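Hi everyone, thanks for coming. Let me put today's structure up on the screen, and then we can walk through it together.

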Amino acid sequence: MTQNPFLISPQDLAAVIGRDGVSIVDASWYLPAQNRFAKAEYDAGHVPGAVFFDQDDIVDPASSLPHTLPPADVFAEKVGALGISDRDTIVVYDGMGLFSAPRVWWLFRTFGAKDVRVLNGGFPAWQAASLPVETTAPESRPAAFEARLDEGAAVFLPQMKDIVAAGSLQILDARPADRFAGEAPEPRQGVRAGHMPGARSLPFLQLTEGGRLKTPEELRRAFAEAGVDPDRPSVTSCGSGVTAAVINLALESVGNRSSRLYDGSWTEWGSAADTPVETGRGAKT
């Protein structure tokens with residue numbers, strides 16, 4: 001296994017494929033503007049034994065927001081049907097390298113799985129290593145996933161309002177800097193441009209290189225350049241709660257065990273009528 005306990009290399013994953021208690025999850029998801037289709041790409045080729053985790057389906061069915069944290073029983077039913085147990089070593093990857101997989105890494109850990117890894121470099125790194133690819137889905141073997149929600153992992157709108165008002169936590173925004181500043185429109189209709197008062201701009205791509213998470217030393221430099229103290233308690237946010245988890249993964253990788261994720265993220269905050277919004281890049285420094 002790799003030195004970072006939250007990552008695994010393609011070679012190390014290849015060595016454990018097929019072992020009992022190892023579940024592999026394709027967590028690919030794309031923005032509409034990327035013009036890529038996750039399930040079709042999974043069907044065309046994936047890591048042998050991987051199941052497809054639909055990030056638009058394993059959500060709270062009662063919420064109008066995208067990618068919301070599902071109730072524990074819904075999560076347990078959906079991932080159990082995929083054959084995943086909370087006792088497994090779970091390896092998550094995506095088709096971009098490091099984009100949507102950390103969200104599913106965060107979800108599994110939030111619901112009680114103890115050993116969850118991200119394939120560093122994702123499916124592109126797997127292919128670059130000339131490792132085998134499969135085009136058929138594994139045989140369905142339902143498993144029992146005992147979902148136990150970690151109440152401290154996620155932040156919801158009422159809490160987020162209090163955090164912003166009090167300045168009690170670092171708020172780290174993973175969106176591109178121009179969206180943070182309000183210089184570029186939001187991709188979702190009806191969502192205001194800008195950021196939460198007091199937030200810091202930390203685009204998730206600053207934490208990766210070549211589709212891989214940077215080393216702990218490089219991550220600390222990236223945090224410092226963004227004016228972020230990686231050892232302080234933080235809450236992360238992005239457009240819809242997906243790439244925010246890249247920051248959570250990076251914080252955990254440098255030893256911060258007190259990071260949280262704002263589940264509604266900017267889609268919720270920017271479309272609410274009673275939430276303050278700032279523009280400009282000044283909150284970064």
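Before we start, one term: a pocket here is an open set of grid points with protein on both sides within 12 Å along at least five of seven lines, and a residue counts as lining if it has an atom within 4 Å of a point. Please also keep in mind that this is a predicted model.

So, which residues lie nearest the centre of the largest pocket? They are Val22, Gly49, Gly83, Pro138 and Glu139, and the lining as a whole has 25 residues. The space in this largest pocket comes to about 650 Å³.

Five strands make up an open sheet, paired in parallel, and the order across it is β1-β5-β4-β2-β3. At the edges stand β1 (7–8) and β3 (51–52); each has a single partner strand, so one side of each is left without a neighbour in the sheet. If you look at β2, residues 22–26, you will see that it pairs with β3 in the parallel sense, over two bridges. There, valine 25 stands opposite valine 51 of β3.

Now for the aromatic rings. How many aromatic pairs does the structure hold? The count is 11. One of them joins phenylalanine 99 and phenylalanine 204: the pair is tilted, with 5.7 Å centre to centre and 50° between the planes. This pair links distant parts of the chain, 105 residues apart: phenylalanine 99 is in the loop between β4 (89–93) and α4 (101–110), while phenylalanine 204 is in the loop between β8 (200–201) and β9 (208–209).

Another tilted pair is formed by phenylalanine 108 and phenylalanine 145, at 6.0 Å centre to centre and with 50° between the planes. It also links distant parts of the chain, with phenylalanine 108 in helix α4 and phenylalanine 145 in the loop between α5 (122–128) and β6 (154–155), 37 residues apart. Both phenylalanine 108 and phenylalanine 145 are buried. Finally, these two belong to one aromatic cluster, together with Phe53, Phe75 and Phe111.

Terms used: Residues are numbered from 1 along each chain as its sequence is written. This is a predicted model: local features need pLDDT of at least 70, side-chain atom pairs count only at pLDDT 80 or more; totals for chains, interfaces and linings use all residues. Side-chain values use heavy atoms; hydrogens and water are left out. Two strands pair if DSSP finds at least two bridges between them. Helices (H or I, at least four residues) and strands (E, at least two) are DSSP runs, numbered from the N terminus. On a 1 Å grid over the protein atoms alone, a cavity is a set of points where a 1.4 Å probe fits but cannot get out, and a pocket is an open set with protein on both sides within 12 Å along at least five of seven lines; lining residues have an atom within 4 Å of a point. Grid points are joined across faces, edges and corners, and a volume is the space filled by probe spheres set on the points. Rings of Phe, Tyr and Trp (its six-membered ring) pair if their centres lie within 6.5 Å; planes under 30 degrees apart count as stacked, over 60 as edge-to-face and the rest as tilted. Buried means under 20% relative accessible area, exposed over 50%, partly exposed in between (1.4 Å probe, protein chains only).
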